[in-house]
Amino acid sequence: MVHSIKKPVIIDIWNGKGGTAKTTTTYNLAVAMSSEHGKKVLCIDMDGQAGLTRAMGFDPNKFEDKYIGRVLIDTDKDDGEKRVKMADIIITKEIKNKEKISCTIDLAPSKEALYMDEMIINNYNLRESRLKWALDEFEGLSKYDYVLIDCSPNPGQAVNNALMAGDRVIIPVTAEAMALAGLPTTLNGFAKVRKSLNPSIKTLGILCLRYDKRRNLSKEIKDMLSVGFKEIVFDTLIPENVSVAEAPSHGMSVIEYKQYSDGAIAYKSFCNEVLKRMEV
Ligand SMILES: Nc1ncnc2c1ncn2[C@@H]1O[C@H](COP(=O)(O)OP(=O)(O)OP(=O)(O)O)[C@@H](O)[C@H]1O
Ligand SMILES: [Mg+2]
């Protein structure tokens, strides 16, 4: 009998616009998946800003060569150095705090040097496939249910590699006019990526964030998203919420920081929707 090896679902959190809560969404979704549903989650920080690495409470400068960029570049051929493997860089965050959350999240961290690595990768043949290869050869991958990739807002090899490796994409959009105006560009960019790099990647959904029910503009944007992208927009709205904004400076997700805040409740509901869509 042939046994197929279980593979996790790889979800990119991506938007070509900066500051749309990609990092916030990646980490909060990971914590909700793990703490509420017992899912085993690996997060990958694919941004030289290392926002996810920091938000999880780690100092990117401490990793030396044990970060995602070194997994992507060849060092073994030219200078005899061994290529760093995915298994070598993964660190575990244990979450156990007074809010009675208990779970672990694994992280493939990033640091600023990833920007340099992206330039090196640019000279390779099949440069967009580096992350996919690294994951394919990673024996420990099968222990995860989900891999969540926090993407950089900048076009480049980090994003291309993330989209090439991904099965699904979540696009976070903030409830502001500029974000909505940029959405067609983001979606066109995604359509091009699908065509040229990874035809099997699908949109899991668009998430509307930083929704402020007191502002008419927020309501208008929510309505426009619901009409224009009815099929894919998530029902959950992530509110503008001070606890969400405060949590990263404590190295925490909002679910760890203030479990009963509106932000935490919304992220848990969003997670339920994500898991439901994955069942279909
Ligand atoms: N629901 C929210 N309520 C209040 N503040 C929020 C909310 N979501 C995100 N923020 C804040 O918005 C800022 C941008 O969020 P984040 O870093 O997650 O965006 P990003 O898309 O990852 O940015 P970049 O494109 O630079 O990687 C952060 O300061 C974050 O704390
Ligand atoms: Mg970010």
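Student: Why is Arg210 called partly exposed?

Tutor: Its relative accessible area is 42%. Buried means under 20%, exposed over 50%, and partly exposed in between (1.4 Å probe, protein chains only), so Arg210 is partly exposed. This is a predicted model, where local features need pLDDT of at least 70, side-chain atom pairs count only at pLDDT 80 or more, and totals for chains, interfaces and linings use all residues. Residues are numbered from 1 along each chain as its sequence is written, chains are lettered from A and ligands numbered from 1 in the order in which they are written, and side-chain values use heavy atoms, leaving out hydrogens and water.

Student: And what makes Ala50 buried or exposed?

Tutor: Ala50 has a relative accessible area of 0%, so it's buried.

Student: Where do Ala50 and Arg210 lie?

Tutor: Ala50 is in the loop between β2 (41–46) and α2 (51–55), while Arg210 is in strand β7 (residues 202–211). Helices (H or I, at least four residues) and strands (E, at least two) are DSSP runs, numbered from the N terminus.

Student: How do you know that β2 pairs with β4?

Tutor: Two strands pair if DSSP finds at least two bridges between them. β2 and β4 (residues 102–108) have three, so they pair, and they run parallel.
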